[in-house]
Amino acid sequence: MITLTSHPTPASGEWTLLSEDLWWLRMPLPFELDHINLYVLEDTNGIVVVDTGLSSRRSKAIWQACFEQFNKPLLAVVVTHMHPDHCGLVGWLCREFDVPLYMSALEYFAARSIFGPNPGADLTTDKRYFQRAGVEQSIIDQHVKPRESYTEGVEPLPLAFRRLKHGETLQVAGKSWLIMTFAGHSPEHVCLYNCEQKLLIGGDQILPQISPNIGVYSQEPEANPLADYFTSLSALAEMPADTLVLPSHNVPYIGLPHRAVELRQHHQAQLDALETFCETPRSLVECLPVMYKRPLTGRHMFFAVAECLSHLNYLMYASRLVRTESNAGVYLYQRCE
């Protein structure tokens, strides 16, 4: 069982003190998941922020109010991973306040690559990714386009960073934070653990009420991130049960080992359902209703395709499904005999 925190949930743009020198800030998001939790580590000399929110005038105003409240200089920006709601304002913060960015190497270079401009790039592999899934051409045209500037909501990233490595420590306010990196949700997601206070800044890696997106994208279509995610859940399940987890969405909670088991069971149930559904050959698009009961459009279709593919790839590598290709170039998946 997990226990949600008794700390008051801050309103959007407000902050709550979680423990000495550790603040919880909420930033609005223009999605169904309408918020992101950010964390501020306060030192005698200044503050360190963990994740940034999307780039927008409102988000910048919230950060400005935060800095006025603390009346201390910004010392550094730490980013858990490369998704826009986590790194969207990194470029602005580091530029405006002339501070370093701390990030794992794979996350940094993935962000530079995926969100930066790509004029003249060959988009064949991106189109093929959706075509093999059985996605309609009109939907492919919505998602596959050249980019002349950074992705909306993401400021151009700094051209230098300081690397966070698994097993090393980050020193802030006289406290040691163990750096833990995990694959699955993103290439090298950073979590920070303070063993003295049993605090885990968990990012998106292990959320209390929803599962993070575990997706296979066009940049690495044969990847198996769900296997990596299961490995991360096994490691997190070994951590102290009374650890206070500080997630990027929903609210802080206690019950990390239990939540790791819950998430694994959730994905195992989806795998079993897909395997049963593929008694006869099925395309990825035909499999989507097994995992999603609501209509899928826009960005929801984009993430659903990626998540479904991660589960189909997992089953294929586990020899539970076999993949063939139709005359139309669509991948078909069928249960192994």
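A pocket is an open set of points on a 1 Å grid over the protein atoms alone, with protein on both sides within 12 Å along at least five of seven lines, whereas a cavity is a set where a 1.4 Å probe fits but cannot get out; lining residues have an atom within 4 Å of a point.

This is a predicted model, in which local features need pLDDT of at least 70 and side-chain atom pairs count only at pLDDT 80 or more, while totals for chains, interfaces and linings use all residues. Residues are numbered from 1 along each chain as its sequence is written, and side-chain values use heavy atoms, with hydrogens and water left out.

Helix H5 gives the most to the lining of the second largest pocket, with 5 residues. Helices (H or I, at least four residues) and strands (E, at least two) are DSSP runs, numbered from the N terminus. In H5, which spans residues 124-133, Tyr129, Phe130 and Ala133 are buried, that is, under 20% relative accessible area with a 1.4 Å probe, protein chains only. After H5 comes Gly134, whose phi is positive, near 90 degrees.

The two spaces are set out below.

| Space | Volume | Elements supplying at least two lining residues each |
|---|---|---|
| Second largest pocket | about 170 Å³ | H5 and strand E16 (331-335) |
| Largest cavity | about 70 Å³ | strand E4 (35-42) and strand E10 (175-182) |

Each volume is the space filled by probe spheres set on the points, which are joined across faces, edges and corners.

Methods:
Buried < 20%, exposed > 50% of the residue type's maximum accessible area, 1.4 Å probe, protein only.
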